[in-house]
Amino acid sequence: MKLVYTHENIAIASNVQSVLEAAGIETVLKNEFSGAGRGELGVFDTWPEVWVRSEAQYATAQQIVDSISELPEGGEWLCRNCGEENGAAFFTCWHCQSVKPEF
Ligand SMILES: [Zn+2]
């Protein structure tokens, strides 16, 4: 397995995982229950991690992650349920998991 993405916010990490899974890439989420939500800041080594199971799919997964993180400014959308700002690549609100509204 290879590590393809890590983020301090479990909701964002799992959203990236959802994007990869939707592209047919088998992934594993690690450190899902460590750090986050316990008021501990700066615990970099326990950030949630998204791992790709198959090395053959790693390059594709890396491209998808790159395309998510390289999106230009302004692609964010506001959640209609809770008002939270979300990255353009995300299908659901990282805060409340509401589905991205149609424009
Ligand atoms: Zn929301």
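I looked up the zinc ion and found its protein donors to be C79 (SG), C82 (SG), C93 (SG) and C96 (SG), lying 2.3 Å from the ion. I note that this is a predicted model.

I then checked the geometry of the site. The angles subtended by the 4 donor atoms around the zinc ion run from 103 to 116°. The arrangement is tetrahedral because every angle falls between 85 and 135 degrees. For reference, I wrote down that the ideal angle for four tetrahedral donors is 109.5 degrees.

Next I read the spacing of the donor residues along the sequence, which is C-x2-C-x10-C-x2-C.

For C82 I found 31% relative accessibility, so C82 counts as partly exposed.

**Sheet and helix**

I traced an open sheet of 3 strands, with the order β1-β3-β2 and antiparallel pairing. β1 (2–6) and β2 (27–30) stand at the edges; each has a single partner strand, so one side of each lacks a neighbour in the sheet. From one strand to the next, I found an average twist of 30°.

I looked at the pairing of β2 with β3 (residues 49–52) and found it antiparallel, over 4 bridges. Which residue of β3 is the bridge partner of V28? I found W51 there.

I also looked up what packs on the sheet. Helix α1 (residues 10–22) does, and it touches β1, β2 and β3. The direction of α1 makes about 170° with that of β2.

**N86**

I located N86 in strand β5 (residues 85–86).

What is N86 in contact with, leaving aside its neighbours within four places in sequence? I listed E76, W77, C79, T92, C93 and W94. Two entries in that list, C79 and C93, I had already noted as donors of the zinc ion.

I checked the side chain of N86 for a polar contact and found that it reaches the backbone oxygen of E84 at 3.2 Å.

Last, I looked up N86 against K100. N86 and K100 are 14 residues apart in sequence, and their C-alpha atoms are 8.8 Å apart in space.

Methods: Residues numbered from 1 in each chain as written. Predicted model: local features only at pLDDT ≥ 70, side-chain atom pairs only at ≥ 80, totals over all residues. Heavy atoms only, no water. Donors = N, O, S within 2.8 Å, 3.2 Å for Na, K, Ca; no water. Tetrahedral: all angles 85-135°; square planar, octahedral: opposite > 155°, others 65-115°. Buried < 20%, exposed > 50% of the residue type's maximum accessible area, 1.4 Å probe, protein only. Pairing = 2+ DSSP bridges. Helix = DSSP H or I, 4+ residues; strand = E, 2+ residues; numbered from the N terminus. Axes fitted to C-alpha atoms, helices over the stretch in contact; angles between N-to-C directions. Contact = heavy atoms within 4.5 Å. Polar contact = N/O pair within 3.5 Å; in protein donor to acceptor, adjacent residues only side chain to side chain.
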